[in-house]
Amino acid sequence: MTTPTDADAQGSSTRPYLIRALHDWCTDNGFTPYLAVYVNKTVQVPREYVKNNEIVLNVSFDATSQLQLGNEYIEFKARFGGVARDIAVPVDHVIAIYARENGQGMAFPVPTPQDAEDGAETPAAGERKSGIRLASVPDTDPDAAVALEVVPQDESGGNDPEPPAAPPGGGRPSLRRIK
């Protein structure tokens, strides 16, 4: 009889299971599930829609085809600007899943700096990075959730890019970190 190692005792990552559960919850309640993804060279998305190494994807059944929420990758086909594209996102690059209509969901830590070195672009000197920023807490579970706040944006659909400025007085929610 063999004794389990520390890695065996921890089991696999909870992230893909939580993503599937929240996707199901959104779908069951008539909400639109959105994924916020940290983009580097391992992520297959249309680069022209990536801002500050991040992209937000509508992963509803209406906006995707052949959606597969696997343990290692999330894969589907979607239209961007009317052009069909194949999308492949490593599960560990998903930094949030939430309902567009009310912002409820869960956020995950951004990939480690070693992952970021594997193809992420860094901002030029003096350039400010903006977008979804999640606090990482040292010595905690890598799949632990982080609190987020909803910020209203416009009402555009599909997987087309979001406008640069949010209109005053409501619209589609996005995420902002709470300290």
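How does Glu101 count by relative accessibility: buried, partly exposed or exposed?

Guide: Happy to. Glu101 counts as partly exposed, at 36% relative accessibility; here buried means under 20% relative accessible area, exposed means over 50%, and partly exposed is what falls in between, with a 1.4 Å probe and protein chains only. Before going on, please keep in mind that this is a predicted model, in which local features need pLDDT of at least 70 and side-chain atom pairs count only at pLDDT 80 or more, while totals for chains, interfaces and linings use all residues. Residues are numbered from 1 along each chain as its sequence is written, and side-chain values use heavy atoms, with hydrogens and water left out.

Glu101 has a charged partner: Arg100 forms a salt bridge with it, the closest N and O atoms being 3.7 Å apart. The term asks for a side-chain nitrogen of Lys or Arg within 4 Å of a carboxyl oxygen of Asp or Glu. Arg100, at 18% relative accessibility, counts as buried.

A search of the whole structure finds three salt bridges. In another of them, Arg85 and Glu48 meet through their side chains at 2.9 Å, N to O. Arg85 lies in strand β5 and Glu48 in the loop between β1 and β2, so this pair ties together parts that are 37 residues apart in sequence. Arg85 is partly exposed at 26%, whereas Glu48 is exposed at 51%. There is also a salt bridge between Asp86 and Lys77, with the closest N and O atoms 2.6 Å apart. Both ends are partly exposed, Asp86 at 42% and Lys77 at 33%.

Now to the sheet. Helices (H or I, at least four residues) and strands (E, at least two) are DSSP runs, numbered from the N terminus, and two strands pair if DSSP finds at least two bridges between them. Four strands form an open, antiparallel sheet in the order β2-β1-β6-β7. At its edges stand β2 (54-58) and β7 (105-107), each with a single partner strand, so one side of each is left without a neighbour in the sheet. From one strand to the next the twist averages 15 degrees; axes are lines fitted to C-alpha atoms, for helices over the stretch in contact, and angles run from 0 to 180 degrees between N-to-C directions.

β1 (residues 33-38) pairs with β6 (residues 94-99) in the antiparallel sense over five bridges, and Leu35 has Ile97 as its bridge partner in β6. Helix α2 (residues 15-28) packs on the sheet, touching β1, β6 and β7, and its direction makes about 20 degrees with that of β6; contact means heavy atoms within 4.5 Å. β1 also pairs with β2 in the antiparallel sense over five bridges, where Tyr34 has Asn58 as its partner.

Strand β1 is covered on both faces: Pro33, Leu35 and Val37 on one side and Tyr34, Ala36 and Tyr38 on the other are all buried. In a regular strand the side chains alternate between the two faces of the sheet.

What about the cores? A nonpolar core is a set of buried Ala, Val, Leu, Ile, Met, Phe, Trp, Tyr and Cys residues joined through side-chain atoms within 4.5 Å. The largest one has 24 residues, and those with the most contacts inside it are Val45, Leu57, Ile74 and Val89. At least two residues each come from α2, β1, β2, β3 (64-69), β4 (73-80), β5 (83-90) and β6, and the largest share, four residues, is from β4. A second, separate core of seven residues includes Tyr34, Tyr38, Ala96 and Ala107.

Finally, the rings. Rings of Phe, Tyr and Trp (its six-membered ring) pair if their centres lie within 6.5 Å, with planes under 30 degrees apart counting as stacked, over 60 as edge-to-face and the rest as tilted. The count comes to three aromatic pairs. One of them, Trp25 with Phe31, is tilted, at 5.3 Å centre to centre and 50 degrees between the planes. Tyr49 and Phe80 have ring centres 5.4 Å apart and planes at 35 degrees, so that pair is tilted. Tyr49 lies in the loop between β1 and β2 and Phe80 in strand β4, so the pair ties together parts that are 31 residues apart in sequence. Both Tyr49 and Phe80 are buried.
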